[in-house]
Amino acid sequence: MADTTAALDAAALKGRGFFEQAEKGLFSLRLSSPGGTVDAAFVKTAAAIAETYGTSRLHFTTRQQLEVPGIRADNIPAVEQMLAAEGIGTLTGGSRVRTIMACQGAPVCKFGTTDTGLLARELSALFAGRSLPAKFKIAVTGCKNNCARVEGNDIGVRGLGAGFELYFGGRYGRTIRTATALLPVIPDRETAIKVIRAAVDFFAENARKGERFAVMLDRVGEDAFRAALLPVAGFPDTAGFPDTAGSPDTGSPAQGR
Ligand code: SF4
């Protein structure tokens, strides 16, 4: 395989969704698929790229994104033309809001109380790709069964029948911290989205470069963070910590799908 990377700006290509592989000259294309749901045309285009310019293989990432590995640098312009023709976007990594994950949720999952795919797409349109002091992960789950394991994310959204529970400060990887629900249940999606925006803005304004949300929370204190968010959520700043065990749910069973 020809090594053409010498003439390339790998960082710029990563910004366009092409991640440099271990083998020089090859790139893995990361497609944007918020909530892990795409239409058939998306998959056909990804398959056509894999067959024409890749290795005829696709990879599903741990965060529900579809990657097409094995693309040579000199084929990237042609691949980008195919993506543009189908209106398919890419999403890069680094210190940004990463793809928004979601469980299947309503209306497909019979236990779902929330249209998680719709909420993931809304959150993706608002936040995905936004530059921040460190990487930032958001996940949405559609009932208390929590198939999306939201506590491992910087912000986790748990849809309940009677509102949304927001979890803050989770992380996985070399260091693990479990996110906690720091606010009472938020009754409507518009307010939940406003609170998520305020939390992301708080992180942008208060985190040090390279500092994950969990580390920032421990440094500035959860009380200060809550105090900033309670008014946005429409609660008095004296609202107590939530009793998550007693939060309402419209009756999903004890086990997920
Ligand atoms: S059972 Fe699992 S997949 Fe279904 S809505 Fe609940 S958390 Fe989502």
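**Exercise 1. Decide why alanine 50 counts as buried, and find its surroundings.**

Alanine 50 has 21 C-beta neighbours inside 10 Å and therefore counts as buried. The cut-offs are these: buried means 20 or more other C-beta atoms within 10 Å of a residue's own, exposed means 12 or fewer, and partly exposed lies in between, with C-beta atoms placed from the backbone. The model is predicted, and local features need pLDDT of at least 70, side-chain atom pairs pLDDT 80 or more, while totals for chains, interfaces and linings use all residues. Residues are numbered from 1 along each chain as its sequence is written.

Helices (H or I, at least four residues) and strands (E, at least two) are DSSP runs numbered from the N terminus.

Then list the contacts, two residues being in contact if their C-beta atoms, placed from the backbone, lie within 7 Å. Leaving aside neighbours within four places in sequence, alanine 50 touches Thr55, Ser56, Arg57, Leu58 and Val68. Valine 68 is 18 residues away in sequence, yet the C-alpha to C-alpha distance to alanine 50 is 5.9 Å.

**Exercise 2. Describe how helix α2 packs against helix α3.**

Two packed helices are described by the angle between their axes and the distance between the axes. Axes are lines fitted to C-alpha atoms, for helices over the stretch in contact, and angles run from 0 to 180 degrees between N-to-C directions.

Start with the geometry: the axes of α2 (residues 40–53) and α3 (residues 76–86) come within 11 Å and cross at roughly 165°. The two helices are therefore roughly antiparallel; angles over 145 degrees get that label, those under 35 are roughly parallel, 65 to 115 roughly perpendicular and the rest oblique.

Now list the residues: α2 contributes Ala41, Thr45, Ala48, Ile49 and Tyr53, and α3 contributes Ala78, Val79, Met82 and Glu86. Sorted by class, the contact holds seven nonpolar, one polar and one charged residues. Here Ala, Val, Leu, Ile, Met, Phe, Trp, Tyr, Cys and Pro count as nonpolar, Asp, Glu, Lys and Arg as charged, and the others, Gly among them, as polar.

**Exercise 3. Check the backbone at proline 107, glutamine 64 and asparagine 146.**

Most residues other than glycine have a negative phi, and most peptide bonds are trans.

First, alanine 106 and proline 107 are joined by a cis peptide bond with omega of about 5°. Proline 107 sits in the loop between β5 (101–102) and α4 (116–127).

Second, glutamine 64 has a positive phi, near 70°, and belongs to the loop between β3 (59–60) and β4 (66–72). Glutamine 64 counts as buried because 20 C-beta neighbours lie inside 10 Å.

Third, asparagine 146 has a positive phi of about 60° and lies in the loop between β6 (138–141) and β7 (155–160). With 18 other C-beta atoms within 10 Å, asparagine 146 is partly exposed.
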